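Let's take a walk through this protein together. Have the sequence and the 3D view ready, and we will go one feature at a time.

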Amino acid sequence: MAQSYNIPAAEVYSKILHLNPAKKYLEKMGITTLKEIDYTGPAASIGTMDVSVEENVNAFATLGNNGKFADAYMIEKITTNDGEVVYEHKSKPVDVFTPQTNYLTLDMMRDVISSGTARFLNGQLNYGGVDWAGKTGTSQDYKDAWFVATNPNVTFGTWIGYKTPHSIYNSSMSLSYSQRNMKLWAQLMNKATAIDPELLAPTNSFKRPGGIVQRSYCAISGMLPSELCEKAGLVRSDLFNAKFVPTKKDDSLITGSIVMVDGKAVVAGPNTPSEFTKGDGLAFNPEFLKRNGYDKLADISQLFPNIATEKWEKISAPNKDAGDMLKDDGKAPSAPTSLKKSGKKLTWKKSGSKDVVGYRIYRATGP
């Protein structure tokens with residue numbers, strides 16, 4: 001969510017699509033412009049609905065209101081000259097999310113601002129220390145940009161675009177389309193906060209409800225850390241709903257010998273000579289990869305996070321291309337070509353055989 005990736009959202013949404021989430025959640029959050037396709041189509045997971053700014057901010061206010069939707073209104077009270085109340089608005093909050101689900105969502109949205117797609121905002125606000133949780137958004141072909149954020153007191157959102165859809169992308173501008181929208185959001189918020197800082201810049205934070213616990217997990221699988229995951233240095237900690245903490249131990253890694261093939265670390269084959277292998281290395285468990293469909297990937301490293309370090313890179317994987325090189329092709333290994341000697345150094349071209357990982361060099365003795 002912090003990096004606004006579509007695939008995770010689409011995958012999770014597809015798993016609950018049979019539960020009709022549009023009706024179960026979006027309708028309860030005041031979205032009234034849903035079309036038939038929005039109830040059955042997976043595209044709703046990434047925000048394809050045609051909603052107004054008022055409806056969208058109204059819906060996001062549910063998260064700032066501990067998971068309860070309270071519909072927006074304009075008039076608080078009408079009284080006569082004598083103070084008699086003619087009309088007074090009465091809210092009827094609707095339960096949408098449990099306090100635990102709501103808080104975990106807010107906590108992820110904090111990351112959007114602290115380190116994600118809305119981190120630009122941090123240098124734009126005049127009032128610091130506010131517990132903001134937000135989300136950026138854009139539509140296909142850069143036709144608009146959204147930013148909505150909530151704190152314990154208020155929810156505020158802005159949208160930029162054209163009445164007739166047209167791209168707002170402009171590479172010649174110093175700020176991106178998203179940054180321009182966030183700057184607008186910040187300027188409006190700064191002005192409003194100067195008028196009523198107590199309301200718009202509260203010093204209290206979102207209160208963590210009961211049922212939220214902090215647990216360690218393996219960053220590869222999300223399961224309980226194993227000894228091998230600890231050895232890899234990939235144990236992390238995060239918040240969980242106590243009802244849904246990991247219960248199974250991570251099995252994503254195995255230990256054994258690895259061999260370098262075209263610069264990639266892969267599991268050594270049973271016939272790979274020991275002098276070409278590195279013992280006690282870490283590799284992804286083929287069963288784990290197959291179970292998650294990762295065995296179909298040409299290069300498992302594409303799943304590594306953007307902040308991947310050598311801790312990830314040191315884990316070998318059954319890369320398809322590299323793995324093929326370890327399969328016996330049934331032919332005798334080709335001899336080195338273009339052999340050259342320079343002092344005590346020998347060099348030659350790489351073998352064209354896919355099952356050759358190196359050569360033994362023998363020194364002749366005697367006359």
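Are cysteine 218 and cysteine 229 buried or exposed? Both are buried in this predicted model. Their sulfur atoms sit 2.2 Å from each other, and a disulfide joins the two residues. Cysteine 218 belongs to strand 8 (residues 212-218) and cysteine 229 to helix 8 (residues 227-232), so to speak two ends of a link between parts of the chain 11 residues apart. The link is right-handed, with 95 degrees about the S-S bond.

Now turn to helix 6, which covers residues 177-195. Its 19 residues reach 28 Å from the first C-alpha to the last, close to the expected 27 Å. Among its buried residues are Asn181, Met182, Trp185, Ala186 and Met189. In an α-helix, residues three or four places apart point the same way, because there are 3.6 residues a turn. The buried residues of helix 6 pack against strand 5, strand 6, strand 7 and helix 7. Trp185 also joins Trp132, Phe147 and Phe156 in a cluster linked by ring pairs.

Aromatic rings are our last stop: the whole structure holds 11 aromatic pairs. Tyrosine 25 and phenylalanine 97 form a stacked pair, because their planes lie at 15 degrees, with the ring centres 5.5 Å apart. This pair connects helix 2 with the loop between strand 4 and helix 5, 72 residues apart. Tyrosine 25 is partly exposed, at 27% relative accessibility, and phenylalanine 97 is partly exposed at 21%. The rings of phenylalanine 284 and phenylalanine 304 are at 40 degrees, so that pair is tilted. Phenylalanine 284 is buried at 3% relative accessibility, and phenylalanine 304 is buried at 15%.

How values were computed: Residues are numbered from 1 along each chain as its sequence is written. This is a predicted model: local features need pLDDT of at least 70, side-chain atom pairs count only at pLDDT 80 or more; totals for chains, interfaces and linings use all residues. Side-chain values use heavy atoms; hydrogens and water are left out. A disulfide is a pair of cysteine sulfur atoms within 2.5 Å. Helices (H or I, at least four residues) and strands (E, at least two) are DSSP runs, numbered from the N terminus. Buried means under 20% relative accessible area, exposed over 50%, partly exposed in between (1.4 Å probe, protein chains only). The expected span of a helix is 1.5 Å times one less than its number of residues. Contact means heavy atoms within 4.5 Å. Rings of Phe, Tyr and Trp (its six-membered ring) pair if their centres lie within 6.5 Å; planes under 30 degrees apart count as stacked, over 60 as edge-to-face and the rest as tilted.
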